[in-house]
Amino acid sequence: MKNNKSEVSATCKLCGSDDETREHLLGSCSALSQIREENLTRLKAILSNDNIFTTITQDSGMLIQIILDCTHSSLNDHVILSRDQETDIERWSQAYCERLVTHRAQIISSK
């Protein structure tokens, strides 16, 4: 009996420069940079503090954590958010992730 296994590459189908991990897609894929920049402007408005925004965006791990769960205890030493900010960030991150996934699908389907 012959095995018919397809190998799937971990390389990002959009930029081809790194593995396609959630961290890569959410924070560093060059093919998604325009959407990322547009959406980070909204995050900056929600935070309403340039120092906190700079702290978050200069640390990719912290940015990914804000996107995935802005209430996580690992952020407590760096960012204090109001309940309204948490709600707004959660809504923002859902919309951001949806835009990324939609744009990713559009790019892949056009190849």
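Guide: **The aromatic pair and its surroundings**

The structure holds one aromatic pair. Trp 92 and Tyr 96 form this pair, and it is stacked, with 5.3 Å centre to centre and 5° between the planes. Rings of Phe, Tyr and Trp (its six-membered ring) pair if their centres lie within 6.5 Å; planes under 30 degrees apart count as stacked, over 60 as edge-to-face and the rest as tilted.

This is a predicted model, where local features need pLDDT of at least 70, side-chain atom pairs count only at pLDDT 80 or more, and totals for chains, interfaces and linings use all residues. Residues are numbered from 1 along each chain as its sequence is written, and side-chain values use heavy atoms, leaving out hydrogens and water.

Why do Trp 92 and Tyr 96 sit about one helical turn apart? Because they are four residues apart in helix H5 (residues 83-110). Helices (H or I, at least four residues) and strands (E, at least two) are DSSP runs, numbered from the N terminus. An α-helix has 3.6 residues a turn, so residues three or four places apart point the same way.

Trp 92 has a relative accessible area of 4%. For Tyr 96 the value is 1%. Buried means under 20% relative accessible area, exposed over 50%, and partly exposed in between (1.4 Å probe, protein chains only).

Now look at what Trp 92 meets. Not counting residues up to four places away in sequence, Trp 92 touches Asn 39, Leu 40, Arg 42, Leu 43, Ile 46 and Ile 67. Contact here means heavy atoms within 4.5 Å.

Trp 92 also belongs to the largest nonpolar core, which has 28 residues. Leu 43, Leu 47, Ile 56, Ile 89 and Trp 92 touch the most other members. Helices H1 (22-27), H2 (33-47), H3 (50-58), H4 (60-68) and H5 each give two or more residues to this core. A nonpolar core is a set of buried Ala, Val, Leu, Ile, Met, Phe, Trp, Tyr and Cys residues joined through side-chain atoms within 4.5 Å.

How confident is the predictor? Among the elements of the protein, H5 has the highest mean pLDDT (94) and H3 the lowest (90). pLDDT is the predictor's confidence in each residue, from 0 to 100.
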